[in-house]
Amino acid sequence: MVKPLVMGVLNVTPDSFFDGGRYLQTGAAIERGRAMAAEGADIIDIGGESTRPGAQPVPEDEELRRVLPVVASLAGTVRISIDTMKPAVAMAAIAEGASLLNDVGGALGPIAAEQSVGLVVMHRQGMPQDMQRAPHYDDVVGEVHAALAEGATAARSLGVGELYVDPGIGFGKTAAHNLALLAALSRLVAAGEPVLVGASRKSFLGVLAAPAGAAPRPPQDRLPGSLAVASWAMLAGAAIVRVHDVRATVQARELAGPRLCTLGPVAISGAGR
Ligand code: HH2
């Protein structure tokens, strides 16, 4: 089993659903990025435009102003991925040292090929403004897997070398859709392309973890569910988990990876309970 990578989320936005407003100032964002690298993040995914349901688009100059100094400052310390829908932001981030394009909008394949950087092909139904209004699939797993296979083939034919496919948890999906996709993760892994999963702190976790009849748990109260899903994804063979809580996820990886996966006799000293 290849060790899965932990991708730390860094949103330089006022309105992201979990960390919005915390890292809008350049200095705070750089400090958070350095802290996540020290906690063991393999990649930091920097975004300057929220994709939460209902989010409004951010003008290009504003998105550039938010992310570029942060990319430039962190690129020497840790691998940087840029989470954007805009080709100009992707190009500028590459110039500052980003080497992975988190292509949530589906337009960045040609840039990844030309610039010889990695690409995440993510599935979504609709745009953030309307994607959660009435998501519909006849066969969510079949349709998402087929769309990802098509996206991967297109990216490979452009010449993209390093590629990841992502079922796009919460991007035009109900809680039931998300669960079906997570249950089928090992089938997506078996299809052959490395898989990225981003479920951290998302709203379906708040719905599923709430007691019957109670309100959904808020983002602040979704760490246990996030760790459960990250562990599930790693055990299913995901190559990357995209998370807000790097320290906790790195610790979960230590258990979900070499220790529990081997399930054979292992020489461990220390307490048994
Ligand atoms: N989820 C979010 C953003 N980018 N990229 C990929 N590849 N996969 C994901 O699941 C994914 C993503 C949403 O999370 P976050 O960045 O924390 O929120 P916001 O979009 O509100 O900034």
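A crossing of two helices is called left-handed if the near helix is turned anticlockwise from the far one by less than a right angle, and right-handed if clockwise. Helices here are DSSP runs of H or I with at least four residues, strands are runs of E with at least two, and both are numbered from the N terminus. The model is a predicted one, in which local features need pLDDT of at least 70, side-chain atom pairs count only at pLDDT 80 or more, and totals for chains, interfaces and linings use all residues. Residues are numbered from 1 along each chain as its sequence is written, and side-chain values use heavy atoms, with hydrogens and water left out.

In general, a pair of packed helices is described by the angle between the axes and the distance between the axes. Axes are lines fitted to C-alpha atoms, for helices over the stretch in contact, and angles run from 0 to 180 degrees between N-to-C directions.

Take α1 and α2: their axes come within 9 Å and cross at roughly 35°. The crossing, in which α1 passes α2, is right-handed. On the α1 side the contact (heavy atoms within 4.5 Å) uses T26, A29, I30, G33 and R34, and on the α2 side P69, V70, S73 and L74. Sorted by class, these are five nonpolar, three polar and one charged residues. In this sorting Ala, Val, Leu, Ile, Met, Phe, Trp, Tyr, Cys and Pro are nonpolar, Asp, Glu, Lys and Arg are charged, and the others, Gly among them, are polar.

Helix α2 also packs on α3, with axes that come within 10 Å and cross at roughly 20°. The two helices are therefore roughly parallel, a label for angles under 35 degrees; over 145 counts as roughly antiparallel, 65 to 115 as roughly perpendicular and the rest as oblique. This crossing is right-handed. E60, E63, L64, V67, L68 and V71 of α2 meet A88, V89, A92 and A93 of α3, which gives eight nonpolar, no polar and two charged residues.

V140, V141 and V144 of α5 touch H177, A180 and L181 of α6; five of the contact residues are nonpolar, one is polar and none is charged. Here too, α5 passes α6 in a right-handed crossing.

How are the strands arranged? They form an open sheet of eight with parallel pairing, in the order β6-β5-β4-β3-β2-β1-β8-β7. Two strands pair if DSSP finds at least two bridges between them. At the edges stand β6 (163-166) and β7 (196-197), each with a single partner strand, so one side of each has no neighbour in the sheet. Within the sheet, three bridges join β3 (residues 79-83) to β4 (residues 100-103), and I82 stands opposite L101 in β4. Helix α1 (residues 26-39) lies across β1 (5-11) and β2 (43-47), running at about 170° to β1.

Last come the salt bridges, defined by a side-chain nitrogen of Lys or Arg within 4 Å of a carboxyl oxygen of Asp or Glu. The count is 13.
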